[in-house]
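Trainee: Please show me how to read a structure feature by feature. Give me the general idea each time, then the case at hand.

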Amino acid sequence: MELRSVEELMDLLHACRGVHEPPELPRPRLRPGGGTSLGDAVDLHDHALQTAALLRRGHPSDKELQVAGLVHDIGHLLRPGDDAGHAGHAADAVRPLLGERVSGLVRLHVAAERRPAAASPGRGPSPREPMAFEHDPLAEDAVTLRQADDAAHVPGLYAGDMEDWRTLLELVAERSARLGATD
């Protein structure tokens, strides 16, 4: 599926309400007021908002990074059950609308998670995978996205309304369309 309009993307983002990531190995999650909990009580809708809000706060001038944070997990909705491929599905879906950089960041957010594991012998991906990741011009920003992604699982944290992001999505889509027209 390729998203061709901000309206289609907004519909998909709203459809994330009540949908959770597939179960995985339990990871510690931050809890409001401190401490951690295992599991993920945050649906994809709130997770997207929290991720984007963290990126907005830490990188206020990088609109594409913020948008990548908002859309990075929509692949879970596009192909339910294909957890391993969710980043690629999301990246392919948003590329025509939001451009190469947003698509590239979304595609790399999973590889950015595996990067630290590769530094430990006997863990993580093959030695070639981290080297390719490290040489990608988006690697540093993908790690930033991954850090926000990992921190954005706080149950009950209000991170705004999805509609608050419509204007930014329209701006990024418009810029992408202008750049695409000049290529």
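**Pocket, cavities and helices**

Trainee: Which residues lie nearest the centre of the second largest pocket?

Mentor: Gly99, Glu100, Ser176, Leu179 and Gly180 do, out of eleven lining residues. A pocket is an open set of points on a 1 Å grid over the protein atoms alone, with protein on both sides within 12 Å along at least five of seven lines; a lining residue has an atom within 4 Å of a point. This is a predicted model, where local features need pLDDT of at least 70 and side-chain atom pairs pLDDT 80 or more, while totals for chains, interfaces and linings use all residues. Residues are numbered from 1 along each chain as its sequence is written, and side-chain values use heavy atoms, without hydrogens or water.

Trainee: What is the volume of the second largest pocket?

Mentor: About 160 Å³. Volume here is the space filled by probe spheres set on the grid points, which are joined across faces, edges and corners.

Trainee: Which helices each supply at least two residues of that lining?

Mentor: Helix H5 (86-98), helix H6 (100-118) and helix H9 (166-182). H9 gives the most, with four residues. By class, the lining has two nonpolar, three polar and six charged residues. Ala, Val, Leu, Ile, Met, Phe, Trp, Tyr, Cys and Pro count as nonpolar; Asp, Glu, Lys and Arg as charged; the others, Gly among them, as polar.

Trainee: How many cavities of 30 Å³ or more does a search of the whole structure find?

Mentor: Rolling a probe the size of a water molecule over the atoms shows where empty space is left. In a cavity, a 1.4 Å probe fits but cannot get out. The search finds two of 30 Å³ or more.

Trainee: Which residues of helix H1 are buried?

Mentor: An α-helix has 3.6 residues a turn, so residues three or four places apart point the same way. In H1 (residues 6-14), Val6, Leu9, Met10, Leu12 and Leu13 are buried. Down the axis of H1, the buried residues fall within an arc of 160°, so they line one face of the helix. The arc is taken from the directions from the helix axis to the C-beta atoms. Buried means under 20% relative accessible area, exposed over 50%, partly exposed in between (1.4 Å probe, protein chains only).

Trainee: Is Ala173 buried or exposed?

Mentor: Ala173 counts as buried because its relative accessibility is 11%. Ala173 is in helix H9. Leu98 is 75 residues away in sequence, yet 4.8 Å from Ala173 in space, C-alpha to C-alpha. Ala91, in helix H5, is buried at 0%. Val19, in the loop between H1 and strand E1 (28-30), is partly exposed at 27%.

Trainee: Over which ring does the charged end of Arg56 sit?

Mentor: Such a contact needs NZ of Lys or CZ of Arg within 6 Å of the ring centre and within 35 degrees of the ring normal. Arg56 sits over Trp165, 3.8 Å from the ring centre.

Trainee: How many helices and strands does the protein have?

Mentor: Nine helices and two strands. These are DSSP runs numbered from the N terminus: helices (H or I) of at least four residues, strands (E) of at least two. Of the 183 residues, 45% count as buried.
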